[in-house]
Amino acid sequence: MHVVPRSTQITFPGQYNPWRNSIEIKVQSEAKENKANTETIKAVAGFFQLSVKDVALVSGEKKREKTVCLKNISIRTVNAKLEKFFHG
């Protein structure tokens with residue numbers, strides 16, 4: 001994911017960026033004191049209807065490019081939700 005901090009609203013998923021090969025997520029928090037990371041995890045958990053405990057930041061703690069691990073959800077369900085969002 002590509003995180004855009006200090007946005008006017010939280011948006012996940014945002015657009016798919018083929019150049020970065022990532023999905024954009026906009027968060028309102030600034031990238032200080034782990035605030036943007038926390039908001040990112042909450043937004044992803046909300047979209048996939050998971051507990052925040054089921055979303056773990058795998059890499060990118062100090063960068064805009066982040067990788068998350070989703071627990072207690074199948075890859076099939078993840079793909080279906082994203083497919084529905086991006087392609088209706």
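Q: Is R20 buried, partly exposed or exposed, and what are the cut-offs?
A: R20 is partly exposed, at a relative accessible area of 36%. Buried means under 20% relative accessible area, exposed over 50%, and partly exposed in between (1.4 Å probe, protein chains only). This is a predicted model, where local features need pLDDT of at least 70, side-chain atom pairs count only at pLDDT 80 or more, and totals for chains, interfaces and linings use all residues. Residues are numbered from 1 along each chain as its sequence is written, and side-chain values use heavy atoms, with hydrogens and water left out.

Q: Which residue forms a salt bridge with R20?
A: E65, with the closest N and O atoms 3.4 Å apart. A salt bridge here is a side-chain nitrogen of Lys or Arg within 4 Å of a carboxyl oxygen of Asp or Glu.

Q: Where do E65 and R20 lie?
A: E65 is in the loop between β4 (55-59) and β5 (67-70), and R20 in the loop between β2 and β3 (22-26), so the pair ties together parts 45 residues apart in sequence. Strands are DSSP runs (E, at least two residues), numbered from the N terminus.

Q: How many salt bridges in the whole structure?
A: A search finds 3. Among them, K32 and E30 meet at 3.8 Å, N to O, and K35 and E33 at 3.9 Å.

Q: K32, buried or exposed?
A: Exposed, at 51% relative accessibility. E30 is partly exposed at 34%.

Q: Other topic: where is T8?
A: T8 sits in the loop between β1 (2-4) and β2 (16-17). The C-alpha atoms of T8 and V27 are separated by 7.8 Å.

Note on methods. Helices (H or I, at least four residues) and strands (E, at least two) are DSSP runs, numbered from the N terminus.
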